[in-house]
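Take a look at the structure shown here. The paragraphs below go through one chain, then the interface.

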Amino acid sequence: MNDRRMLIAATLFALLVSPLHAYNWLTLAMAGAHSYPDISQHEFDTICQSFGLNPVQTTICQQHPFAMPSVGKGARDSVDECRAQFRYERWNCTERFMIPSNTTKFAGLLDRTLNAGNRETAFISAITSAGIVHAVTKGCSTGNLTECGCDNRYTNGQMRGPNNEKWSWGGCSDNVDYGIKFAKQFLDRFEKDQFHAAKQVNHLMNLHNNMVGRESIVKLMRRQCRCHGVSGSCEFKTCWQQMPKFNEIGEVLKQRYNHFAVQVAKRAKKRLRRKERSERKVPLRENEIVFINRSPNYCERNDSLGILGTQGRECNQTSLQSDSCDLLCCGRGYNTREEVRSFRCGCKFVWCCYVKCRTCEETVQVHTCK
Amino acid sequence: MCFRPFTTGVINLPTSRAPPGGCVDGTARRAAEIYRQKGRPGVCRPFPPVGRAEFDHSGAFAIRRADNAVCPPSYDRLSCPDRSVGVRPNLLAMLRLVLLAVLLLLCVQCRAISWLAIGMSGAHIDHRRPLQTCQSLSGLTKRQVRFCRRNIEHMDSVVYGAVTAYQECQHQFQKRRWNCTMIDPVSIFGDVVLKEGTREAAFVHAISSAGVAHRVTRDCSRGLLDKCGCDQSMVNRNPGNGFRWSGCSDNVHYGTAFSRTFVDANERGKMQSHERMLMNLHNNRAGLQVLEKHIRTECKCHGLSGSCELKTCWRSMPSFREVGAIIKDKFDGATEVKLVKDSAEQRARMVRVNPHFKRHTHTDLVYLVESPDYCVADPSRGVLGTSGRTCNETSQGIDGCELLCCHRGYITKTQETNDMCNCKFHYCCRVDCEPCVKRVDIHICR
């Protein structure tokens, strides 16, 4: 019963990472990624309760246990993408983990940033909801999920392109509608209930940013085609709808973080309003992520806010962007060390069939913030 | 004496706009006029004093403006609020002030880079009476006075080299918490802030030695000095690349050698710790190395209609702005060092504190102690604090309001300035404009 043992390990791990106070479904990213074929419903219920999920999410987990690995993958992918996008910024999508001495529990992944209500919170909300949509939809297309399959709206009919070329729908179109429906259920329902109960604006903010993340995928859906004619000619062409790669979504959302982030008023009765008085009447657009509080500068370490600070981060001496030593180190200056990096060079193809390389060494100067 | 007698408790602050060569009092203006009469471009314009720092009874110091409004220590005219800030006498603070004064008086021998004072005082250089002139210059050591006497015709260049070095320091640091306002050896601040072997002290040493060398070299090339001229060492060489050396190559070696002798004389034979001496000498040299390493070849074509049939080239120094920027880069990447006595060599050497980092070279700056954060005013360490500084609200860098004001927040004032707008050109030749009022938001650190 190898699976059983893995399950117990996964459960234990999930218990360890469950959050202290708030719900944080991102902890799913740290749970195992395998599905459990021979587990009773009762056992599923226990596992689902052991993650840091809110009541709505727990119910969904119990109803669709086989979707959970996809949700966990979505969380993992989105945190990875967030780290990749913010690699050169002062906030690099990491947070200090506090391990309190009296308990064995961790605080949840990016917990404090998620509750800060600032621009970074907005980005995480958007990218994680996009991550769920992406992973669940991929799960549908690959057949990992039983509840859904390919999008059968795009199945038949001869189409004509702009140059009078013929093509037809075929293959497996990504069922992004199912992914969106799932993400809405999983993330939005609880937030909506909470907003109706407490009327706090941060729930509205999360709802809006979740929507921005989902919509960014819909906007980037595109038709992918393949030709099947003799020697690759396009006599027969089949096309299907495909989602963008996840790093494209990350880039688009990073652009929104940089240029289309809007500060909203701290109070709201029904819907969000812009903080800028002159623009109060202008409704929020689908491509604008919203935040309430201004971000800290992330320069110095702050344990209570979970900020790591930029000390020891690698910076680029010649750059003028955010990764430049001047900006990243917040004016504190930098240290330089020399590293010998080895790489393969002078590669030659030897018949047949291998490649022969030499190992070269180069000395690079690495600058780290003081 | 490294400090002026500390009796009045009043320090004249240089302004960030006025050239720190003084030009505030009459003597400085005279010096500038003399300099101008000799065919050199006058860099000195008379500036009224913007304010002076005062120690009041509470021990806090404030800046008294010309109109007697007292404002918190700041270096910006704009930041001074119009209302007076009341100060309450405080016995404890007064005691602290007296203690400080006594400490400073005791600290007679710890002058940091006191020769820079010659740039501030705007002293008059009388070439006919070298002895009296050199002895009257403030801040020179005995060796420097002797050197001054022998090279009295170079002293104008030295003075203006010091002035440009100070201006460049202020330019390079205008966006930082420490904005180089404090090297004023005439007052106590300069010596206090540079007394510790911080990165800032390293920068000041490098830029000042480079400043003197740059100015002396430039004056050599312009023919203002009798003892030196252009660098002729290249002329006889045949490069063979379709050009010939000609024109006036900058005689950097003369300038750096001159600067080294003069500036290093400040360090030797004076009561300061051995490690400080080594650090200062290293940084002086690093500043000069920037000039030598970044000398470049400039060329001009003389062929028909600008073609390059005939090309002459010469060696030329970078502008001092570039030199300042390079030294500022070195400031950012400066190495922390400590003194280690080698038992075999019987000689102390500077080694880096953290062996994982790269060894410093001759061109890198070194420092001994970490800098303070320069956030809160601390006169005993020569720190003016950032309260009252204007900041940039939109910047992410160190000049941004959050970092510059050290998270204390800032106040925003709207300032109205008269401007010209809707300008129209009428043929010929008149421009009509409408006067309009421009509103600018100014953010000032709390």
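How many helices and strands are there in chain B? There are twelve helices and 13 strands. Both are DSSP runs numbered from the N terminus: helices are H or I with at least four residues, strands are E with at least two.

This is a predicted model, where local features need pLDDT of at least 70, side-chain atom pairs count only at pLDDT 80 or more, and totals for chains, interfaces and linings use all residues. Residues are numbered from 1 along each chain as its sequence is written, chains are lettered from A and ligands numbered from 1 in the order in which they are written, and side-chain values use heavy atoms, without hydrogens and water.

Chain B has 446 residues, and 50% of them count as buried (under 20% relative accessible area, 1.4 Å probe, protein chains only).

Now the interface. Chain A brings 21 residues into contact with 17 residues of chain B (heavy atoms within 4.5 Å). The two chains bury about 1,500 Å² between them, 44% of it on carbon and sulfur atoms; this is the accessible area (1.4 Å probe) lost on being put together, summed over both. Asn297(A), Tyr334(A) and Lys370(A) supply 27% of the area that chain A buries against chain B, more than any other three residues.

Salt bridges between chain A and chain B number zero (a side-chain nitrogen of Lys or Arg within 4 Å of a carboxyl oxygen of Asp or Glu).
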